[in-house]
Amino acid sequence: MGSEEHQVTTASESLDELRGSLAGSVLGPADAGYDAARRCFNALVDRRPAAIARCAGPADVATAFDFARLHELEVAVRGGGHNPAGHCVLDGGLVIDLSSMRTVEVNEDARIARAAGGATWLDFDAASHAFGLVTPGGVVGSTGVAGLTFGGGIGHLTAQHGLTCDNLVRAEIVAPDGTVLEAAADEDADLLWGLRGGGGNFGVATRLEFRLHPLEGVVGGVLGYGGKGVRDALRRYRDVVARSPRDLSCQAVLAVDESLAPALVVVPSYTGSDADPEDLRALRSAPGLLEDGVRAHSFLDQQRLLDSPYGENRHYWKGHFVRELSDELIDDLLERVVALPRPPGGILIESLHGAPKDADPPAGALGFRAAAFNVSAMATWDRPALDDEHIRWARDTAAALEPWSVSGGYVNYMQADEPIERVRAAFGTEAFDRLQALKRRYDPGNVLRRNQNIPPS
Ligand SMILES: Cc1cc2nc3c(=O)[nH]c(=O)nc-3n(C[C@H](O)[C@H](O)[C@H](O)COP(=O)(O)OP(=O)(O)OC[C@H]3O[C@@H](n4cnc5c(N)ncnc54)[C@H](O)[C@@H]3O)c2cc1C
């Protein structure tokens, strides 16, 4: 038998061994469904793992870690597959895939939701909404609950209820040595702190528990602005959120229209009781308004507004948390958004006003709570031939934000090429040192390094 043939036989025997020891299923390169299972949201990432272990619970995750150790395979962890860096898949290693674990249980009386480790926001929102309850999550339904929470979590209810990780109250974690841990305020509070920001570094979460809040409906939708009014409309958006309305979360996307002129989309999410709130009126009467889709609708309708196709486009995102959105910075962004001879995707501007400022800063490892906005250049394109120019556009746009930066970038949007200094800056030196100590305790061998990595020392 030739050595290549021998390797193939050994690999298939190993896969059979893994199959025999898991309650869930295993996909290898020869299996139907392998290509779909290795696909990421970001089409720029195209990797071929040796095996994908679709785990059914904590015991499967521990078995998968054992298998990886025994066969000296590197490990990646997959939730919703959305991380733009493609951390959920790797060449030649083992993917611990949680996509079969998506149950979400709601305890209406306790106002707590328990999500399995692979649940998506669509799973979560559908389950909690049935009881008129919500937690602030992500704005695209197919994004993973765990992955998003572990980097912070910004969305349509941030001003009202804080970052997603502020609402995480308990988690079940399988550490790389197979130990099953509970993280909660009264049980390993240190680990809970680390999960709120530095999450994927310490183990695989098989259950996450969130605080829920009552919500009847939302006044939301999309406001579209164009023409000469875009500059003033963006200033108006900034001024409205600067008043820090507690019942209005608001995001904006600066992009271009068909004629490649700047266009602005603002997505308000109002949950107050006022029939005609002043802040919404201010946004709806801003210069350049071309489209007014704001109306009363359900939270699930609000959550569908920004859905995005999975695995079709190439993405490269880079940005900064900024202390302010000055007139000067707005002018710069308007110039940069038209700097490519074709639509570059857009510049996402997320406001952090309201409840994120209330949370006790030491309750989580995040370093960006004090920022006013998260501003991200999101290059999105389709053909590989355009890779270089779009990546350059995102990098140049992010570089222009740097003078306004308060804490580096958002780990949830970072690509895999970010230097450790940027990851450290995202947390701040003190929190980063503490995260490294946690890492030494739970993952001293840095088995979980396919993430915005916190090395153990
Ligand atoms: C279209 C789109 C929309 C987005 N919208 C938002 C948004 O509204 N708000 C926001 O804050 N962010 C948003 N993000 C960013 C998103 O939160 C992060 O990219 C996040 O990492 C995605 O998690 P995932 O499980 O989908 O991704 P994956 O690529 O599957 O996982 C990413 C990483 O998260 C960790 N991870 C995932 N699940 C687990 C688990 N169970 N246990 C341990 N570690 C785990 C692992 O380190 C893994 O490598 C969005 C991203 C995209 C592409």
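Analyst: Two strands pair if DSSP finds at least two bridges between them; strands (E, at least two residues) and helices (H or I, at least four) are DSSP runs, numbered from the N terminus. This is a predicted model, in which local features need pLDDT of at least 70, side-chain atom pairs count only at pLDDT 80 or more, and totals for chains, interfaces and linings use all residues. Residues are numbered from 1 along each chain as its sequence is written, and side-chain values use heavy atoms, with hydrogens and water left out.

Here, β3 and strand β4 (residues 94–97) run parallel and are joined by 4 bridges. Within this pair, Ala 76 has Val 95 of β4 as its bridge partner.

User: What is the strand order of the open sheet?

Analyst: The order is β1-β2-β4-β3, a sheet of 4 strands with mixed pairing. At its edges lie β1 (25–27) and β3 (75–78), each pairing on one side only.

User: At what angle do the axes of helices α8 and α11 cross?

Analyst: Axes are lines fitted to C-alpha atoms, for helices over the stretch in contact (heavy atoms within 4.5 Å), and angles run from 0 to 180 degrees between N-to-C directions. The axes of α8 (residues 230–242) and α11 (residues 327–337) cross at roughly 135 degrees and come within 10 Å. Angles under 35 degrees count as roughly parallel, over 145 as roughly antiparallel, 65 to 115 as roughly perpendicular and the rest as oblique; α8 and α11 are therefore oblique to each other. Residues making the contact include Leu 234 and Arg 238 of α8 and Ile 330 and Asp 331 of α11.
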